[in-house]
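Hi,

Have a look at it first, and then read on for my notes.

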Amino acid sequence: MRTLYQLYSLKSSFTQTRALNYCGRTNMLSVHLFVHPSKPTAGVGLDTSCHMVRGSQSTQREEGDLRTSLCEATPILHGYFRSSCSWRVRIAFALKGVEYDQLPVNLIKDGGQQLTEEYKALNPMQQVPAVEIDGTTLSQSLAVIQYIDETRPGPRLLPADPKARAQVRMISDLIASGIQPLQNLYVIQKIGAEKMQWSQHFIDRGFQALEPILKQTAGKYCVGDEISMADICLVPQVYNAERFKVDVGKYPTIKRLNEALLEIEAFQVSHPSRQPDTPDDLRA
Amino acid sequence: VQAGSPILHGYFRSSCSWRVRIAFALKGVEYDQLPVNLIKDGGQQLTEEYKALNPMQQVPAVEIDGTTLSQSLAVIQYIDETRPGPRLLPADPKARAQVRMISDLIASGIQPLQNLYVIQKIGAEKMQWSQHFIDRGFQALEPILKQTAGKYCVGDEISMADICLVPQVYNAERFKVDVGKYPTIKRLNEALLEIEAFQVSHPSRQPDTPDDLRA
């Protein structure tokens, strides 16, 4: 067991110390989180023989609760800058203040890197995103997002009230089952030449349903006045709609919500134009 | 709030409606059904009346506790969170994530691609189209289930993943997919079909099941 190092974080408004422990099992550093109610911080660099591990922010919790017996390496997102499902996960991490690494999977290059045997081992569905987190690998963005919500502190991504929570899931699923899969890469590849009209048809159909639903449920955001998984799904779907030249102006509630959400840092820092694998000509 | 029984607007053979019927049965919740015939009269889901219940113009929609919900997995989790009885999602967060991952693989990655309103657009090639996407999904699901399954899809307790699996296998059979190629899926489906909640909710036993398909 290595000596414990203490790393003070500059990032958060809550003071944290992170004790870093060499975890022989995984050959990576594990991060045990402590919260101390005081003090500031000087950035302390890590011994370079360690993996650099960025731990997660936390709200005030009891020290004992935070200390985990898991080896918590930094989560790794396998995604693509322009994949709306990957963007959803990036937003969730950003809202929760969870740092993560990215290993981009280029969906076009080399016939599509998601089709390699190596990637298939991570996600047999051969799609992005896949997320390595807490010693396991998860796919399906909404499963990942709810796992993050249930295991990380920070703002809730689903409301406490069961009915409101159901509305968040209903809106999220309308998008994630009712719209996006129909304009997903592997489907429109099969459609071929008519993919533009095909995609527009299903996005319009979905937005025609979503608009009256959101009129009922929305306050400042999709469901009431708190950001939720529904908002996380909405923004990337509007981005897709615009790529397929759907006139989002026909859907005033969707338009308004999208504009409000794009003002929020988590939606900006995660934007396709700002990712490690964003091509230069699309970079913000 | 004292509400009447929940009302399920569904169709006997809709896999998404069947999921909700299974969930109600597992929880022992009584409910009423108002069938929506997806074929008759050009499709009753396309009426203005039904559109008011579910603007997506699809089944199921569920009236429950003074509200109307659509999207079967949102409904199922709402039922799980508000009714007593066996959990439909495990307590452990990782296992719960696996249940959702499997459920979403089916509910987003397979079923929407062979849904009625999509195959209507595909037209004549709908059989091959549907087989393609069901096979593709099952090819992914089989190795995942090999990792996660015990007696059921995730460990040894019935969950939302099982609720999604059985109706999808039924669909696969309708589209003449050889489920024998997927031994874990096959085994789980057979085990689950022995369970009363999966039988009482079966398409062959619903109020709107046509006589020639009735069990």
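Does Arg152(A) count as buried or exposed? At 10% relative accessibility, Arg152(A) counts as buried, where buried means under 20% relative accessible area, exposed over 50%, and partly exposed in between (1.4 Å probe, protein chains only).

Before the rest, the ground rules. This is a predicted model, so local features need pLDDT of at least 70 and side-chain atom pairs count only at pLDDT 80 or more, while totals for chains, interfaces and linings use all residues. Residues are numbered from 1 along each chain as its sequence is written, chains are lettered from A and ligands numbered from 1 in the order in which they are written, and side-chain values use heavy atoms, with hydrogens and water left out.

**Salt bridges inside the chains**

Back to that arginine. Asp134(A) forms a salt bridge with Arg152(A), with the closest N and O atoms 2.7 Å apart; the term means a side-chain nitrogen of Lys or Arg within 4 Å of a carboxyl oxygen of Asp or Glu. Asp134(A) sits in the loop between E6 and E7 of chain A and Arg152(A) in the loop between H4 and H5, so the pair ties together parts that are 18 residues apart in sequence. (Helices, H or I with at least four residues, and strands, E with at least two, are DSSP runs numbered from the N terminus.) Asp134(A) is buried as well, at 6% relative accessibility.

Another pair in chain A is Lys250(A) with Asp204(A), where the closest N and O atoms are 3.0 Å apart. Lys250(A) lies in the loop between helix H8 (229-243) and helix H9 (252-262), and Asp204(A) in helix H7, so this bridge joins parts that are 46 residues apart in sequence. Here Lys250(A) is partly exposed at 45%, whereas Asp204(A) is buried at 14%.

Chain B has Asp65(B) bridging to Arg83(B), again given by the closest N and O atoms, 2.7 Å apart. Asp65(B) is in the loop between strand E3 (61-64) and strand E4 (67-70) of chain B, and Arg83(B) in the loop between helix H3 (72-82) and helix H4 (93-107), so parts 18 residues apart in sequence are tied together. Both Asp65(B) and Arg83(B) are buried. Over all chains, the search finds 14 salt bridges.

**The interface**

42 residues of chain A are in contact (heavy atoms within 4.5 Å) with 41 residues of chain B. The two chains bury about 3,800 Å² between them, 65% of it on carbon and sulfur atoms; buried area is the accessible area (1.4 Å probe) that two parts lose on being put together, summed over both. In chain A, Met125(A), Lys163(A) and Arg205(A) lose the most area to chain B, together 16% of what that side buries.

The rule finds four salt bridges across this interface. Glu81(B) and Arg165(A) meet in a salt bridge at 2.6 Å, N to O. Glu150(A), Arg96(B) and Arg100(B) are linked in a network of salt bridges.

Which helix gives the most to the side of chain A that touches chain B? That is H5(A), with 10 residues. By class, that side has 22 nonpolar, 12 polar and eight charged residues. (Ala, Val, Leu, Ile, Met, Phe, Trp, Tyr, Cys and Pro count as nonpolar, Asp, Glu, Lys and Arg as charged, and the others, Gly among them, as polar.)

Chain A has 10 helices and seven strands, and 56% of its 284 residues count as buried. H4(A) is mostly covered, with nine of its 11 residues buried; Leu142(A), Val144(A) and Tyr147(A) are among them.

**One spot in chain B**

Asp135(B) is in helix H6 (residues 126-148) of chain B and counts as buried at 14% relative accessibility. The side chain of Asp135(B) makes a polar contact with the side chain of Lys181(B) at 3.0 Å and one with the side chain of Tyr182(B) at 2.4 Å. A polar contact is a pair of N or O atoms within 3.5 Å; within protein, one must be able to donate a hydrogen and the other to accept it, and residues adjacent in sequence count only if both atoms are side-chain atoms.

Cheers
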